[in-house]
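Visitor: I am new to protein structures. Could you show me how to read one?

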Amino acid sequence: MNDIGFVGGVDPVLAPDLCNGCGLCVELCKEGAIALGEDSLPRKDPSKCLYCGDCILLCPTEAWEVGREGYTAYVGGKVGRHHQLATKFAEFVSPEQGADLVGRVLEFTIAKGKKGERLGSVLNRTGVAALHDYLAVAT
Ligand code: SF4
Ligand code: SF4
C-alpha cells in the first residue's frame, strides 16, 4: 500500500520421511498450493505459494520444514485519488538487503522522478524493469 514495503515469509521444504500422507496440509493451505502426488506425498506449487508458513506450523508430524526465510519486497503502491497496489519486486530479502534496497529505491526515485511524483507514478512511466536495471548498474 506504500512506496516500498516488506512482508515476512518462509519457504516450506518437505522432509518426506516424516510425512504420513494425511493430507491435512492440502486442506489447510488457503492458496491451494499443495496437492498430494500419486505417492501420497504433498507437492508444493511455487507459483501459488505465498510463503505464509501455515503448513510448517500445522503439520502434525513436522514434515514441512523451514527452508529459505526473508522478506518479500513490494514497490510502487500508493493510496489517495489514484491509488494502486504495489508490485512484487524481490523475494527472500534479508533485513540488511532490505535496508539497502530502501536507500537505492529512494535514489532511483530522486533520479527518475519528476517534482512531487510518487514512486508508483515513476514506475508507471518507466516500468519496474527500469528499477531492476538501475539497481543492477548501481550495485
Ligand atoms: S500435513 Fe504433514 S504429514 Fe500430513 S500430508 Fe502434509 S506434510 Fe504430510
Ligand atoms: S507456505 Fe502457506 S501458501 Fe505456501 S504451501 Fe504452505 S500454507 Fe500454502
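Guide: We will go through the domains, strands, helices, ligand shells and backbone angles in turn. Keep in mind that this is a predicted model.

Visitor: Let us begin with the overall layout. Which domains does the chain have?

Guide: The domain assignment gives two entries: domain 1 covers 9–69, and domain 2 covers 71–138.

Visitor: How many Å separate the centres of domain 1 and domain 2?

Guide: The centres are 32 Å apart, taken over C-alpha atoms.

Visitor: Now the strands. In which sense do strand 1 and strand 4 pair?

Guide: Look at the bridges between them. Strand 1, residues 4–14, pairs with strand 4 in the antiparallel sense, over 10 bridges.

Visitor: What about strand 4 and strand 5?

Guide: Strand 4 also pairs with strand 5, residues 87–93. The sense is antiparallel, with four bridges. Here Ala-73 has Ala-90 of strand 5 as its bridge partner.

Visitor: How do I judge a residue within a strand? Is Val-10 buried or exposed?

Guide: Count the C-beta atoms around it. Val-10 lies in strand 1. Val-10 has 20 other C-beta atoms within 10 Å, so it is buried. The cut-off for buried is 20 or more.

Visitor: And where is Val-7?

Guide: Val-7 is in strand 1 too. Its count is 13 C-beta neighbours inside 10 Å, so Val-7 is partly exposed.

Visitor: How do I compare distance along the chain with distance in space?

Guide: Take two residues and look at both numbers. Val-10 and Gly-70 are 60 residues apart in sequence, yet their C-alpha atoms are 6.6 Å apart in space. Val-7 and Ile-34 are 27 residues apart along the chain, and 21 Å separate their C-alpha atoms.

Visitor: What span should helix 3 have?

Guide: Helix 3 runs over residues 95–112, which is 18 residues. At 1.5 Å a residue it should span 26 Å. Its end C-alpha atoms are 26 Å apart, so the two agree.

Visitor: Which residues of helix 4 are buried?

Guide: Helix 4 covers residues 119–126, and its buried residues are Leu-119, Gly-120, Val-122 and Leu-123. Their arc is 160 degrees, so they line one face of helix 4. Gly-127 follows helix 4 and has a positive phi, near 85 degrees.

Visitor: Where are Tyr-51 and Glu-62?

Guide: Both sit in loops. Tyr-51 is in the loop between strand 3 (42–44) and helix 2 (54–58). Glu-62 is in the loop between helix 2 and strand 4 (64–75).

Visitor: Are they buried or exposed?

Guide: Count again. Tyr-51 is buried, with 22 C-beta neighbours inside 10 Å. Glu-62 is exposed, with 11 other C-beta atoms within 10 Å.

Visitor: Last, the ligands. Which residues are around ligand 1?

Guide: List the shell, then sort it by class. Around ligand 1, the residues include Cys-19, Cys-22, Cys-25, Cys-59 and Trp-64. By class, this shell has eight nonpolar, four polar and no charged residues.

Visitor: How many residues surround ligand 2?

Guide: There are 13 around ligand 2, and the closest are Cys-29, Cys-49, Cys-52, Asp-54 and Cys-55. This shell divides into nine nonpolar, one polar and three charged residues.

Methods: Residues are numbered from 1 along each chain as its sequence is written. Chains are lettered from A and ligands numbered from 1 in the order in which they are written. This is a predicted model: local features need pLDDT of at least 70, side-chain atom pairs count only at pLDDT 80 or more; totals for chains, interfaces and linings use all residues. Helices (H or I, at least four residues) and strands (E, at least two) are DSSP runs, numbered from the N terminus. The expected span of a helix is 1.5 Å times one less than its number of residues. Domain bounds come from an automatic or database domain assignment. A residue is near a molecule or strand if its C-beta atom, placed from the backbone, lies within 6 Å of it. Ala, Val, Leu, Ile, Met, Phe, Trp, Tyr, Cys and Pro count as nonpolar, Asp, Glu, Lys and Arg as charged, and the others, Gly among them, as polar. A residue is buried if 20 or more other C-beta atoms lie within 10 Å of its own, exposed if 12 or fewer, and partly exposed in between; C-beta atoms are placed from the backbone. Two strands pair if DSSP finds at least two bridges between them. The arc is that of the directions from the helix axis to the C-beta atoms.
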